[in-house]
Amino acid sequence: MELVVAVLVALAAILLALRIFGGSKTINRPPQFSTSWKPPIMEMFDNPLAYFQKSTAVGGVVSVKMGLSRRWIFVTDRSLFKPIFMASDESLSMHAAAPELFSHFFIKTPFVDSSYDHWWVSSKKMTTAGFWRPSQLEIFEQLASSTIEKLMETWDATYASTGARFDLFKEIAQLVALMNLRVVFGETAYETYGEEWKTLFPELDKLVIDQIVTVAPWLPFGKPKRYNQVKARADAIIADMYNTLLREIAENAADASSQPGCYAEFVHSFAGDVEPWLIKEHLLGTVFVAHVNTANILAWTTALLANHPQYVKRIRDEVANGFGAKGIEQDFAQSCARETTRLYPGLVSSIRMAMYDQQLAGTDYWVAKGDLVSVTAHVTHFDPELFPEPHRYNPERFDTAEATKALNNSLAYSAFGYGTHHCLGERLIMRMARQLLRAIFARYDVSIEPKELPKPVGISASNPFAGAPILARIKRVQ
(Lines give C-alpha, C1' and ligand atoms only; values in the text may rest on other atoms or scores of the structure.)
Protein backbone atom coordinates (compact mmCIF):
# COMPACT_ATOMS: atom_id res chain seq x y z
CA MET A 1 0.00 0.00 0.00
CA GLU A 2 2.83 2.40 0.84
CA LEU A 3 4.40 1.73 -2.55
CA VAL A 4 1.11 2.52 -4.30
CA VAL A 5 0.73 5.78 -2.40
CA ALA A 6 4.35 6.74 -3.14
CA VAL A 7 3.92 6.07 -6.86
CA LEU A 8 0.69 8.07 -7.02
CA VAL A 9 2.25 10.99 -5.16
CA ALA A 10 5.22 10.92 -7.53
CA LEU A 11 2.91 10.89 -10.54
CA ALA A 12 0.93 13.80 -9.14
CA ALA A 13 4.14 15.76 -8.62
CA ILE A 14 5.27 15.05 -12.18
CA LEU A 15 1.94 16.10 -13.63
CA LEU A 16 1.95 19.29 -11.55
CA ALA A 17 5.45 20.08 -12.74
CA LEU A 18 4.40 19.57 -16.34
CA ARG A 19 1.65 22.13 -15.86
CA ILE A 20 3.78 24.72 -14.07
CA PHE A 21 6.99 24.59 -16.10
CA GLY A 22 7.76 24.44 -19.75
CA GLY A 23 7.46 26.30 -22.98
CA SER A 24 10.06 28.04 -25.02
CA LYS A 25 10.48 31.70 -24.07
CA THR A 26 12.15 32.68 -27.35
CA ILE A 27 9.27 32.22 -29.79
CA ASN A 28 5.60 33.18 -29.75
CA ARG A 29 3.87 29.84 -29.18
CA PRO A 30 0.11 29.20 -29.07
CA PRO A 31 -1.51 29.91 -25.69
CA GLN A 32 -1.90 27.09 -23.23
CA PHE A 33 -5.49 26.09 -22.65
CA SER A 34 -7.27 24.28 -19.84
CA THR A 35 -10.77 24.51 -18.38
CA SER A 36 -10.35 22.44 -15.19
CA TRP A 37 -7.85 21.22 -12.60
CA LYS A 38 -7.03 18.18 -14.73
CA PRO A 39 -3.99 18.01 -16.99
CA PRO A 40 -5.28 19.25 -20.38
CA ILE A 41 -4.34 16.01 -22.12
CA MET A 42 -6.66 14.07 -19.79
CA GLU A 43 -9.34 16.72 -20.18
CA MET A 44 -9.15 16.29 -23.94
CA PHE A 45 -9.45 12.49 -23.75
CA ASP A 46 -12.40 12.77 -21.33
CA ASN A 47 -14.54 14.76 -23.76
CA PRO A 48 -12.77 15.67 -27.02
CA LEU A 49 -15.67 17.58 -28.60
CA ALA A 50 -16.27 19.80 -25.55
CA TYR A 51 -12.55 20.54 -25.15
CA PHE A 52 -12.04 21.44 -28.81
CA GLN A 53 -15.21 23.55 -29.01
CA LYS A 54 -14.04 25.57 -26.01
CA SER A 55 -10.58 25.96 -27.54
CA THR A 56 -12.15 27.21 -30.80
CA ALA A 57 -13.89 29.94 -28.84
CA VAL A 58 -10.53 31.30 -27.65
CA GLY A 59 -8.91 31.52 -31.06
CA GLY A 60 -8.76 28.11 -32.72
CA VAL A 61 -5.10 27.41 -31.90
CA VAL A 62 -4.15 26.28 -28.39
CA SER A 63 -1.46 24.17 -26.76
CA VAL A 64 -0.88 21.88 -23.78
CA LYS A 65 2.43 21.04 -22.15
CA MET A 66 4.16 17.73 -22.81
CA GLY A 67 7.17 18.24 -20.57
CA LEU A 68 9.57 20.97 -19.61
CA SER A 69 9.73 22.51 -23.10
CA ARG A 70 7.56 20.64 -25.59
CA ARG A 71 3.89 21.22 -26.37
CA TRP A 72 1.00 19.60 -28.16
CA ILE A 73 -0.74 22.17 -30.35
CA PHE A 74 -4.38 21.73 -31.37
CA VAL A 75 -5.68 23.58 -34.44
CA THR A 76 -9.48 23.82 -34.74
CA ASP A 77 -9.72 26.72 -37.22
CA ARG A 78 -10.63 25.11 -40.57
CA SER A 79 -8.89 27.85 -42.57
CA LEU A 80 -5.57 26.60 -41.14
CA PHE A 81 -6.10 22.89 -41.89
CA LYS A 82 -4.82 22.51 -45.45
CA PRO A 83 -1.19 23.70 -44.91
CA ILE A 84 -0.86 21.22 -42.02
CA PHE A 85 -2.42 18.31 -43.90
CA MET A 86 -0.27 19.00 -46.96
CA ALA A 87 3.01 19.69 -45.16
CA SER A 88 5.96 17.48 -46.08
CA ASP A 89 7.53 15.05 -43.63
CA GLU A 90 10.61 17.27 -43.64
CA SER A 91 8.51 20.05 -42.07
CA LEU A 92 5.60 18.56 -40.10
CA SER A 93 6.21 14.83 -39.95
CA MET A 94 3.54 12.21 -39.44
CA HIS A 95 5.97 9.31 -39.26
CA ALA A 96 7.98 11.04 -36.51
CA ALA A 97 4.81 11.71 -34.50
CA ALA A 98 3.40 8.18 -34.72
CA PRO A 99 6.00 6.30 -32.65
CA GLU A 100 6.15 9.19 -30.18
CA LEU A 101 2.43 8.99 -29.56
CA PHE A 102 2.03 5.21 -29.55
CA SER A 103 5.43 4.13 -28.27
CA HIS A 104 3.81 2.12 -25.45
CA PHE A 105 1.74 0.12 -27.92
CA PHE A 106 3.03 -1.40 -31.15
CA ILE A 107 5.85 0.90 -32.29
CA LYS A 108 7.93 0.69 -29.14
CA THR A 109 11.25 -0.43 -30.60
CA PRO A 110 11.22 1.52 -33.91
CA PHE A 111 10.91 4.68 -31.80
CA VAL A 112 14.61 4.39 -31.05
CA ASP A 113 15.73 2.17 -33.94
CA SER A 114 17.73 3.67 -36.80
CA SER A 115 15.89 1.50 -39.33
CA TYR A 116 12.53 3.09 -38.53
CA ASP A 117 12.67 5.66 -41.36
CA HIS A 118 13.34 2.86 -43.86
CA TRP A 119 10.52 0.79 -42.39
CA TRP A 120 8.07 3.68 -42.48
CA VAL A 121 8.61 4.13 -46.21
CA SER A 122 8.36 0.38 -46.89
CA SER A 123 5.29 0.00 -44.70
CA LYS A 124 3.50 2.89 -46.38
CA LYS A 125 4.18 1.43 -49.83
CA MET A 126 2.85 -1.99 -48.81
CA THR A 127 -0.22 -0.55 -47.12
CA THR A 128 -0.98 1.65 -50.12
CA ALA A 129 -0.69 -1.26 -52.56
CA GLY A 130 -2.58 -3.68 -50.32
CA PHE A 131 -5.51 -1.44 -49.45
CA TRP A 132 -5.88 0.54 -52.67
CA ARG A 133 -5.48 -2.12 -55.37
CA PRO A 134 -8.96 -3.23 -56.50
CA SER A 135 -7.78 -6.82 -56.95
CA GLN A 136 -6.50 -7.00 -53.37
CA LEU A 137 -9.59 -5.30 -51.96
CA GLU A 138 -11.75 -7.90 -53.69
CA ILE A 139 -9.81 -10.70 -51.98
CA PHE A 140 -10.13 -9.04 -48.57
CA GLU A 141 -13.82 -8.34 -49.17
CA GLN A 142 -14.48 -11.99 -50.03
CA LEU A 143 -12.75 -13.09 -46.82
CA ALA A 144 -14.80 -10.58 -44.83
CA SER A 145 -18.03 -11.68 -46.52
CA SER A 146 -17.57 -15.38 -45.75
CA THR A 147 -16.61 -14.56 -42.15
CA ILE A 148 -19.70 -12.37 -41.71
CA GLU A 149 -21.93 -15.17 -43.00
CA LYS A 150 -20.52 -17.56 -40.37
CA LEU A 151 -20.96 -15.00 -37.62
CA MET A 152 -24.54 -14.22 -38.65
CA GLU A 153 -25.34 -17.93 -38.27
CA THR A 154 -24.05 -17.68 -34.70
CA TRP A 155 -26.25 -14.61 -34.12
CA ASP A 156 -29.24 -16.59 -35.45
CA ALA A 157 -28.74 -19.38 -32.95
CA THR A 158 -27.68 -17.29 -29.97
CA TYR A 159 -29.84 -14.17 -30.19
CA ALA A 160 -32.43 -14.15 -32.99
CA SER A 161 -34.00 -17.48 -32.07
CA THR A 162 -33.99 -16.81 -28.32
CA GLY A 163 -34.80 -13.11 -28.17
CA ALA A 164 -31.89 -12.65 -25.74
CA ARG A 165 -30.48 -9.16 -25.28
CA PHE A 166 -26.77 -8.54 -25.78
CA ASP A 167 -24.20 -5.78 -25.33
CA LEU A 168 -24.18 -4.28 -28.82
CA PHE A 169 -20.77 -2.60 -28.71
CA LYS A 170 -19.08 -5.61 -27.12
CA GLU A 171 -20.60 -8.01 -29.65
CA ILE A 172 -19.69 -5.81 -32.63
CA ALA A 173 -16.14 -5.41 -31.29
CA GLN A 174 -15.74 -9.19 -31.07
CA LEU A 175 -17.24 -9.69 -34.52
CA VAL A 176 -14.88 -7.12 -36.06
CA ALA A 177 -11.89 -8.64 -34.24
CA LEU A 178 -12.66 -11.97 -35.90
CA MET A 179 -13.30 -10.42 -39.30
CA ASN A 180 -10.00 -8.52 -39.22
CA LEU A 181 -8.13 -11.61 -38.01
CA ARG A 182 -9.25 -13.54 -41.05
CA VAL A 183 -8.58 -10.70 -43.51
CA VAL A 184 -5.10 -9.99 -42.17
CA PHE A 185 -3.88 -13.52 -41.30
CA GLY A 186 -6.14 -15.91 -43.19
CA GLU A 187 -8.14 -19.04 -42.49
CA THR A 188 -5.60 -21.01 -40.43
CA ALA A 189 -5.16 -18.16 -37.94
CA TYR A 190 -8.92 -17.66 -37.76
CA GLU A 191 -9.55 -21.32 -36.93
CA THR A 192 -6.63 -21.55 -34.47
CA TYR A 193 -6.98 -18.34 -32.48
CA GLY A 194 -10.48 -17.01 -33.22
CA GLU A 195 -12.07 -17.83 -29.88
CA GLU A 196 -9.26 -16.29 -27.85
CA TRP A 197 -8.71 -13.35 -30.18
CA LYS A 198 -12.31 -12.13 -30.16
CA THR A 199 -12.08 -11.30 -26.45
CA LEU A 200 -8.36 -10.54 -26.18
CA PHE A 201 -8.18 -7.83 -28.82
CA PRO A 202 -11.22 -5.79 -27.73
CA GLU A 203 -9.73 -5.80 -24.23
CA LEU A 204 -6.46 -4.47 -25.65
CA ASP A 205 -8.45 -1.79 -27.47
CA LYS A 206 -9.91 -0.56 -24.18
CA LEU A 207 -6.67 -0.73 -22.23
CA VAL A 208 -4.40 0.98 -24.73
CA ILE A 209 -6.28 4.30 -24.49
CA ASP A 210 -6.91 4.13 -20.74
CA GLN A 211 -5.62 7.31 -19.08
CA ILE A 212 -3.50 5.52 -16.47
CA VAL A 213 -2.03 3.18 -19.08
CA THR A 214 -1.29 6.12 -21.38
CA VAL A 215 0.49 8.09 -18.65
CA ALA A 216 2.26 5.23 -16.85
CA PRO A 217 2.23 1.93 -18.79
CA TRP A 218 5.17 0.72 -16.67
CA LEU A 219 3.25 0.54 -13.37
CA PRO A 220 3.41 -3.05 -12.00
CA PHE A 221 -0.22 -3.19 -10.88
CA GLY A 222 -3.78 -2.44 -11.93
CA LYS A 223 -4.66 -1.64 -15.54
CA PRO A 224 -1.04 -1.04 -16.65
CA LYS A 225 -0.12 -4.52 -15.42
CA ARG A 226 -3.10 -6.04 -17.20
CA TYR A 227 -2.30 -4.06 -20.34
CA ASN A 228 1.23 -5.47 -20.47
CA GLN A 229 -0.11 -9.00 -19.96
CA VAL A 230 -2.65 -8.64 -22.78
CA LYS A 231 -0.14 -6.93 -25.06
CA ALA A 232 2.42 -9.72 -24.46
CA ARG A 233 -0.18 -12.35 -25.33
CA ALA A 234 -1.23 -10.45 -28.50
CA ASP A 235 2.45 -10.20 -29.50
CA ALA A 236 2.90 -13.94 -29.00
CA ILE A 237 -0.18 -14.78 -31.08
CA ILE A 238 0.89 -12.40 -33.87
CA ALA A 239 4.34 -14.01 -33.93
CA ASP A 240 2.92 -17.53 -34.07
CA MET A 241 0.39 -16.64 -36.78
CA TYR A 242 3.09 -15.00 -38.89
CA ASN A 243 5.50 -17.92 -38.47
CA THR A 244 2.74 -20.36 -39.41
CA LEU A 245 2.02 -18.24 -42.47
CA LEU A 246 5.69 -18.35 -43.49
CA ARG A 247 5.64 -22.16 -43.31
CA GLU A 248 2.51 -22.27 -45.48
CA ILE A 249 4.12 -19.90 -48.01
CA ALA A 250 7.24 -22.09 -48.14
CA GLU A 251 5.12 -25.21 -48.71
CA ASN A 252 3.33 -23.52 -51.63
CA ALA A 253 6.45 -21.94 -53.13
CA ALA A 254 6.50 -24.36 -56.05
CA ASP A 255 3.02 -23.27 -57.17
CA ALA A 256 3.67 -20.41 -59.60
CA SER A 257 -0.04 -19.56 -59.78
CA SER A 258 -0.33 -19.04 -56.03
CA GLN A 259 -1.49 -15.51 -55.10
CA PRO A 260 -1.54 -13.81 -51.67
CA GLY A 261 -4.76 -14.82 -49.93
CA CYS A 262 -4.63 -12.44 -46.96
CA TYR A 263 -3.01 -9.15 -46.05
CA ALA A 264 -0.07 -10.73 -44.20
CA GLU A 265 0.84 -12.81 -47.27
CA PHE A 266 0.71 -9.70 -49.40
CA VAL A 267 2.97 -7.82 -46.96
CA HIS A 268 5.44 -10.70 -47.00
CA SER A 269 5.55 -10.73 -50.79
CA PHE A 270 6.45 -7.01 -50.83
CA ALA A 271 8.66 -6.91 -47.74
CA GLY A 272 11.97 -7.56 -49.46
CA ASP A 273 14.78 -7.35 -46.92
CA VAL A 274 12.68 -5.82 -44.12
CA GLU A 275 13.36 -7.64 -40.87
CA PRO A 276 10.64 -10.11 -39.75
CA TRP A 277 10.18 -8.46 -36.34
CA LEU A 278 9.32 -5.18 -38.06
CA ILE A 279 6.78 -6.95 -40.25
CA LYS A 280 5.16 -8.39 -37.11
CA GLU A 281 4.99 -4.92 -35.55
CA HIS A 282 3.41 -3.58 -38.73
CA LEU A 283 0.81 -6.36 -38.78
CA LEU A 284 -0.12 -5.79 -35.14
CA GLY A 285 -0.47 -2.08 -35.85
CA THR A 286 -2.61 -2.78 -38.91
CA VAL A 287 -4.92 -5.08 -36.95
CA PHE A 288 -5.25 -2.53 -34.16
CA VAL A 289 -6.03 0.44 -36.40
CA ALA A 290 -8.45 -1.59 -38.51
CA HIS A 291 -10.19 -2.86 -35.38
CA VAL A 292 -10.64 0.50 -33.67
CA ASN A 293 -11.94 2.29 -36.76
CA THR A 294 -14.17 -0.50 -38.11
CA ALA A 295 -15.66 -1.50 -34.75
CA ASN A 296 -16.32 2.13 -33.86
CA ILE A 297 -18.10 2.79 -37.16
CA LEU A 298 -20.15 -0.42 -37.14
CA ALA A 299 -21.31 -0.30 -33.53
CA TRP A 300 -22.44 3.33 -33.66
CA THR A 301 -24.05 2.93 -37.10
CA THR A 302 -25.98 -0.16 -35.98
CA ALA A 303 -27.23 1.68 -32.90
CA LEU A 304 -28.18 4.77 -34.91
CA LEU A 305 -29.98 2.80 -37.62
CA ALA A 306 -31.99 0.95 -34.99
CA ASN A 307 -33.62 4.32 -34.28
CA HIS A 308 -34.04 5.31 -37.94
CA PRO A 309 -36.17 2.71 -39.79
CA GLN A 310 -36.48 4.97 -42.87
CA TYR A 311 -32.75 4.54 -43.51
CA VAL A 312 -32.89 0.80 -42.86
CA LYS A 313 -35.55 0.55 -45.58
CA ARG A 314 -33.22 2.21 -48.09
CA ILE A 315 -30.46 -0.31 -47.29
CA ARG A 316 -32.87 -3.23 -47.68
CA ASP A 317 -34.22 -1.87 -50.96
CA GLU A 318 -30.71 -1.57 -52.38
CA VAL A 319 -29.80 -5.10 -51.28
CA ALA A 320 -33.02 -6.45 -52.81
CA ASN A 321 -32.34 -4.61 -56.09
CA GLY A 322 -28.74 -5.74 -56.25
CA PHE A 323 -27.33 -2.22 -56.00
CA GLY A 324 -23.99 -1.99 -54.23
CA ALA A 325 -23.13 -5.62 -54.90
CA LYS A 326 -19.82 -4.36 -56.28
CA GLY A 327 -17.63 -2.54 -53.78
CA ILE A 328 -16.86 0.25 -56.26
CA GLU A 329 -20.42 1.55 -55.95
CA GLN A 330 -21.22 3.88 -53.06
CA ASP A 331 -24.42 2.42 -51.69
CA PHE A 332 -26.54 3.85 -48.89
CA ALA A 333 -24.92 1.61 -46.26
CA GLN A 334 -21.69 3.50 -46.92
CA SER A 335 -23.54 6.80 -46.63
CA CYS A 336 -24.80 5.69 -43.23
CA ALA A 337 -21.27 4.76 -42.16
CA ARG A 338 -19.90 8.10 -43.40
CA GLU A 339 -22.40 10.06 -41.35
CA THR A 340 -21.42 8.00 -38.32
CA THR A 341 -17.78 8.99 -38.80
CA ARG A 342 -18.87 12.61 -38.82
CA LEU A 343 -20.65 12.25 -35.48
CA TYR A 344 -18.22 9.79 -33.89
CA PRO A 345 -14.85 10.09 -35.66
CA GLY A 346 -12.37 7.41 -34.70
CA LEU A 347 -9.56 9.81 -35.61
CA VAL A 348 -9.97 12.61 -33.06
CA SER A 349 -6.86 14.42 -34.28
CA SER A 350 -4.47 14.09 -37.21
CA ILE A 351 -1.01 14.40 -35.66
CA ARG A 352 2.29 15.77 -36.97
CA MET A 353 5.65 16.56 -35.32
CA ALA A 354 7.56 19.77 -36.03
CA MET A 355 10.99 18.87 -37.37
CA TYR A 356 12.39 22.37 -36.74
CA ASP A 357 11.24 25.71 -35.28
CA GLN A 358 8.71 27.14 -37.74
CA GLN A 359 5.82 29.57 -38.04
CA LEU A 360 2.38 28.01 -38.13
CA ALA A 361 0.97 28.94 -41.54
CA GLY A 362 -1.74 31.59 -41.39
CA THR A 363 -0.97 32.64 -37.80
CA ASP A 364 1.49 34.71 -35.79
CA TYR A 365 2.35 31.63 -33.73
CA TRP A 366 5.48 29.51 -33.90
CA VAL A 367 5.98 25.86 -33.06
CA ALA A 368 9.25 24.54 -31.70
CA LYS A 369 11.16 21.52 -32.93
CA GLY A 370 9.62 18.43 -31.32
CA ASP A 371 6.18 19.97 -30.74
CA LEU A 372 3.18 17.90 -31.86
CA VAL A 373 0.67 19.68 -34.11
CA SER A 374 -2.86 18.31 -34.49
CA VAL A 375 -5.67 19.20 -36.85
CA THR A 376 -8.90 18.56 -34.95
CA ALA A 377 -11.76 18.08 -37.38
CA HIS A 378 -13.99 17.11 -34.46
CA VAL A 379 -15.17 20.72 -34.34
CA THR A 380 -15.88 21.26 -38.04
CA HIS A 381 -18.05 18.14 -38.08
CA PHE A 382 -20.42 19.90 -35.68
CA ASP A 383 -20.34 23.34 -37.27
CA PRO A 384 -23.99 24.25 -38.10
CA GLU A 385 -22.82 26.40 -41.03
CA LEU A 386 -21.23 23.32 -42.61
CA PHE A 387 -23.73 20.70 -41.43
CA PRO A 388 -27.22 22.06 -40.64
CA GLU A 389 -28.65 20.44 -37.50
CA PRO A 390 -25.20 18.97 -36.82
CA HIS A 391 -26.29 16.68 -33.97
CA ARG A 392 -28.96 15.01 -36.13
CA TYR A 393 -28.09 11.72 -37.80
CA ASN A 394 -28.65 12.29 -41.51
CA PRO A 395 -26.79 9.94 -43.91
CA GLU A 396 -28.23 11.80 -46.89
CA ARG A 397 -25.46 14.37 -46.39
CA PHE A 398 -23.21 11.72 -47.99
CA ASP A 399 -25.70 10.39 -50.53
CA THR A 400 -23.21 10.21 -53.40
CA ALA A 401 -19.49 9.77 -53.86
CA GLU A 402 -19.40 13.28 -55.32
CA ALA A 403 -21.00 14.78 -52.20
CA THR A 404 -18.51 12.97 -49.98
CA LYS A 405 -15.58 14.16 -52.11
CA ALA A 406 -16.82 17.76 -52.04
CA LEU A 407 -17.11 17.75 -48.25
CA ASN A 408 -13.61 16.30 -47.92
CA ASN A 409 -12.09 18.73 -50.44
CA SER A 410 -13.53 21.67 -48.49
CA LEU A 411 -12.20 20.13 -45.25
CA ALA A 412 -15.67 20.29 -43.75
CA TYR A 413 -15.36 16.51 -43.35
CA SER A 414 -12.01 14.86 -42.67
CA ALA A 415 -12.72 11.74 -40.61
CA PHE A 416 -10.04 9.90 -42.64
CA GLY A 417 -7.68 12.83 -43.01
CA TYR A 418 -6.83 14.74 -46.17
CA GLY A 419 -4.14 15.04 -48.78
CA THR A 420 -0.68 13.58 -48.30
CA HIS A 421 -1.57 11.49 -45.27
CA HIS A 422 -5.13 10.49 -46.08
CA CYS A 423 -5.95 7.23 -44.27
CA LEU A 424 -4.59 4.37 -46.40
CA GLY A 425 -7.08 1.89 -44.97
CA GLU A 426 -10.21 3.94 -45.68
CA ARG A 427 -11.30 1.90 -48.69
CA LEU A 428 -11.00 -1.40 -46.84
CA ILE A 429 -12.70 -0.05 -43.71
CA MET A 430 -15.64 1.33 -45.67
CA ARG A 431 -16.03 -1.86 -47.70
CA MET A 432 -16.06 -4.00 -44.57
CA ALA A 433 -18.50 -1.60 -42.91
CA ARG A 434 -20.94 -1.73 -45.81
CA GLN A 435 -20.74 -5.52 -45.96
CA LEU A 436 -21.61 -5.96 -42.31
CA LEU A 437 -24.33 -3.28 -42.27
CA ARG A 438 -26.01 -4.80 -45.31
CA ALA A 439 -25.77 -8.28 -43.77
CA ILE A 440 -27.24 -7.20 -40.43
CA PHE A 441 -30.13 -5.07 -41.66
CA ALA A 442 -31.12 -7.24 -44.61
CA ARG A 443 -31.39 -10.12 -42.14
CA TYR A 444 -32.60 -8.59 -38.85
CA ASP A 445 -34.85 -6.03 -37.26
CA VAL A 446 -32.72 -4.43 -34.53
CA SER A 447 -33.98 -2.67 -31.41
CA ILE A 448 -31.88 -1.09 -28.67
CA GLU A 449 -32.26 -0.03 -25.04
CA PRO A 450 -31.99 2.75 -24.13
CA LYS A 451 -33.13 4.37 -27.35
CA GLU A 452 -31.41 7.64 -26.50
CA LEU A 453 -27.75 7.03 -27.11
CA PRO A 454 -25.26 8.28 -24.53
CA LYS A 455 -22.56 10.71 -25.52
CA PRO A 456 -19.15 9.07 -25.90
CA VAL A 457 -16.60 9.97 -23.25
CA GLY A 458 -13.67 8.00 -24.63
CA ILE A 459 -12.34 6.60 -27.89
CA SER A 460 -12.48 2.85 -27.20
CA ALA A 461 -14.56 1.11 -29.85
CA SER A 462 -15.87 -1.60 -27.52
CA ASN A 463 -16.86 0.65 -24.61
CA PRO A 464 -16.84 4.33 -25.60
CA PHE A 465 -19.04 5.63 -22.80
CA ALA A 466 -19.40 5.38 -19.05
CA GLY A 467 -22.26 3.54 -17.35
CA ALA A 468 -24.58 0.83 -18.61
CA PRO A 469 -24.03 -0.71 -22.07
CA ILE A 470 -26.35 -0.37 -25.08
CA LEU A 471 -28.42 -3.56 -25.13
CA ALA A 472 -29.79 -4.90 -28.41
CA ARG A 473 -32.37 -7.44 -29.54
CA ILE A 474 -32.60 -8.87 -33.04
CA LYS A 475 -35.23 -10.87 -34.88
CA ARG A 476 -35.21 -12.27 -38.39
CA VAL A 477 -36.91 -10.16 -41.02
CA GLN A 478 -40.11 -11.82 -42.18
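Trainee: Why does Y344 count as buried?

Mentor: Its relative accessibility is 15%, and buried means under 20% relative accessible area, with exposed over 50% and partly exposed in between (1.4 Å probe, protein chains only). So Y344, at 15%, falls on the buried side of the cut-off. The model is predicted, so local features need pLDDT of at least 70 and side-chain atom pairs count only at pLDDT 80 or more, while totals for chains, interfaces and linings use all residues. Residues are numbered from 1 along each chain as its sequence is written, and side-chain values use heavy atoms, leaving out hydrogens and water.

Trainee: What is the relative accessible area of W300, and is W300 buried or exposed?

Mentor: W300 has 1%, so W300 is buried.

Trainee: How many aromatic pairs does a search of the whole structure find?

Mentor: The search finds 13. Rings of Phe, Tyr and Trp (its six-membered ring) pair if their centres lie within 6.5 Å; planes under 30 degrees apart count as stacked, over 60 as edge-to-face and the rest as tilted. One of the pairs is Y159 with F166, whose centres are 4.3 Å apart and whose planes make an angle of 35°. Y159 and F166 are both buried.

Trainee: What makes the pair of W300 and Y344 stacked?

Mentor: The ring centres are 3.8 Å apart and the planes stand at 10°, so this pair is stacked. W300 belongs to helix α13 (residues 276-306) and Y344 to the loop between α15 (332-343) and β5 (350-354), so the pair ties together parts 44 residues apart in sequence. Helices (H or I, at least four residues) and strands (E, at least two) are DSSP runs, numbered from the N terminus.

Trainee: How do you know that the charged end of R342 sits over the ring of F387?

Mentor: The rule asks for NZ of Lys or CZ of Arg within 6 Å of the ring centre and within 35 degrees of the ring normal. For R342 the distance to the centre of the F387 ring is 5.0 Å. R182 also has its charged end over a ring, that of Y190, 5.4 Å from the centre.

Trainee: Which residues have the most contacts inside the largest nonpolar core?

Mentor: They are W155, F185 and W197, in a core of 98 residues. Such a core is a set of buried Ala, Val, Leu, Ile, Met, Phe, Trp, Tyr and Cys residues joined through side-chain atoms within 4.5 Å. Helix α13 supplies the largest share of this core, 16 residues.

Trainee: Why is one side of β4 and of β9 left without a neighbour in the sheet?

Mentor: The sheet is open, with three antiparallel strands in the order β4-β10-β9. β4 (166-167) and β9 (444-449) are at the edges with a single partner strand each, so one side of each has no neighbour there. Strands pair if DSSP finds at least two bridges between them. β4 and β10 (residues 471-476) have two bridges, so they meet that cut-off. F166 stands opposite A472 of β10. β9 and β10 pair over six bridges, and S447 has R473 as its bridge partner in β10.
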